[in-house]
Structure formats: C-alpha cells, structure tokens
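Hello,

Here is the structure we talked about. Please open it alongside this email; my notes follow below.

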Amino acid sequence: MTELGAVAWPPAPIKTERLVLRESETRDRAAFIELYASPEVHTYLGGPQPRDELEREMPEVPGRQPGSFVVELDGAMIGQILLRRATGHRRPAAAGKVDLGYLFLPRSWGSGYAAEACVAALDWLTGALPGEPVVLTTQTANVGSMRLAAKLGFTEVERFEAWDAEQWLGLRSPVTPSDRDFPPTP
C-alpha cells in the first residue's frame, strides 16, 4: 500500500471546465477562516470553530499538506478537497484507505462545484495511485453529501452511530485503466 504522502506533492494545478484545484497560498487564509467558522458548513461536522481562535491560530498559508487542494473559482477560493489516508478510523472497512473529504463555502452550494472538484481530485488520485480504493463518510442527515457520494460512485459499506448521529460509510472501488478502456463482457 502506497502512502498518499509518497506521491509527488504538490501536483501541477488541475483545471476543470470552471475550477482550478491547487495548493494553498497566503491569499487563501481569509477564505479558510470563513470556511472553518461557518455554521452552515459545519452543521454535520460537529459545529464551527470560533472565528477569533482561527484568526489567532491559522497559519499564514493554511491547508498546505499533501492531499489538500484549494478549489478556486474565478481566482477566489470557494472550498477545499482533502484526500488523506484513513488512519485511526473508527471503522475497520475504512482503515488504510484514502478518505475523500470536502468543504465548500455556502455561497458556492447548488452549482455543481463540489461534484466537479471531487471528480477532478479523484481522477488525479487514480493517475497518482492506480487501483487505490477510496472511502467517504458523511452523516445520513446530510442529504446533499449523500447525493454527491452516489453521483461520485460511492456505494454503502455500512451505517454506524458516532457523534450522536447516524453516519454513512461509502466505498468507491478502484478504477483501473482496463476498466476505462474496455466494456465489461456479458
């Protein structure tokens, strides 16, 4: 099993039809603070972090780590995609697999940006670590995240209780070049 940290980082910026996925920069600090302090963003994530604490403790260049992409629209950060190895996960089915996480500012919701960015990040991961399975965990009450998980090809592995809520763990099976090049034989 290859560690995500062993992949050359950062990759060249990834461009989609409308977005750019790139490494964090100093200019993203205010957007990170807004993202982490947003009650709407953190409805299903245990609540927002206090803004004054974030202002004090946020590094000058936040989110700079392997697997962390800033999602940029028209030159401004609108979200973050995280691809990280699931270590110490509560669920054995997720342990050691790459875990997909995403956070987007509320003003960008409902326009398909999360799906577009996640597809680009997952495509990058498939090229960097071919055959790597990916997991995603979300609260079942988070209808938008559940829809996105299905759209991205995640299938339910299990449901469990954590943080006083029902959680959903999905798996996206590895995609290999042969899966893309040849249709399945009947």
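On one side of α4, Arg147, Ala150 and Lys151 are exposed. The buried residues of this helix are Ser145, Met146, Leu148 and Ala149. Viewed down the axis of α4, the buried residues fall within an arc of 165°, so they line one face of the helix. Their cover includes β5, α3, β6, β7 (155-162) and β8. After α4 comes Gly153, which has a positive phi, near 95°.

**Confidence**

Please keep in mind that this is a predicted model. The average pLDDT of the chain is 88. Of the residues, 89% score at least 70. Treat one stretch separately: residues 177-186 have a pLDDT below 50. Beyond near neighbours in sequence, that stretch has 3 contacts in the model.

**The largest pocket**

How much space lies in the largest pocket? About 1,300 Å³. Its lining is made of 41 residues. Nearest the centre are Leu45, Tyr102, Thr138, Asn142 and Ser145. Ser145 is also one of the buried residues of α4.

β4 (76-85), β5 (98-104), α3 (113-128), β6 (134-139) and α4 (143-151) each give two or more residues to the lining. Which of them gives the largest share? That is β5, with 6 residues. By type, the lining residues divide into 17 nonpolar, 18 polar and 6 charged.

**Helix α1**

Helix α1 spans residues 29-37. Its buried residues are Ala31, Phe32, Ile33, Leu35, Tyr36 and Ala37. These pack against α2 (51-57), β3, β4 and β5.

Gly170 sits in strand β8, residues 165-172. Is Gly170 buried or exposed? Its relative accessibility is 0%, so Gly170 counts as buried. Leu136 is 34 residues away from Gly170 in sequence, yet their C-alpha atoms are 5.2 Å apart. Neighbours within four places in sequence aside, Gly170 is in contact with Val134, Val135, Leu136, Phe154, Thr155, Glu156 and Val157.

Arg159 belongs to strand β7. With 41% relative accessibility, Arg159 counts as partly exposed. Its C-alpha is 6.2 Å from that of Leu169, a residue 10 places away in sequence. Leaving out neighbours within four places, Arg159 is in contact with Thr140, Met146, Glu166, Gln167 and Trp168. Met146 is one of the buried residues of α4.

**Backbone points to check**

Most residues other than glycine have a negative phi, and most peptide bonds are trans. Two places here depart from that.

- Trp9 and Pro10 are joined by a cis peptide bond, with omega about -5°. Pro10 is in the segment before β1 (14-15).
- Asp74 is not a glycine, but its phi is positive, near 50°. Asp74 lies in the loop between β3 (68-73) and β4. Its relative accessibility is 75%, so Asp74 counts as exposed.

Best wishes

Technical notes
Residues are numbered from 1 along each chain as its sequence is written. This is a predicted model: local features need pLDDT of at least 70, side-chain atom pairs count only at pLDDT 80 or more; totals for chains, interfaces and linings use all residues. Side-chain values use heavy atoms; hydrogens and water are left out. pLDDT is the predictor's confidence in each residue, from 0 to 100. Contact means heavy atoms within 4.5 Å. Helices (H or I, at least four residues) and strands (E, at least two) are DSSP runs, numbered from the N terminus. Buried means under 20% relative accessible area, exposed over 50%, partly exposed in between (1.4 Å probe, protein chains only). On a 1 Å grid over the protein atoms alone, a cavity is a set of points where a 1.4 Å probe fits but cannot get out, and a pocket is an open set with protein on both sides within 12 Å along at least five of seven lines; lining residues have an atom within 4 Å of a point. Grid points are joined across faces, edges and corners, and a volume is the space filled by probe spheres set on the points. Ala, Val, Leu, Ile, Met, Phe, Trp, Tyr, Cys and Pro count as nonpolar, Asp, Glu, Lys and Arg as charged, and the others, Gly among them, as polar. The arc is that of the directions from the helix axis to the C-beta atoms.
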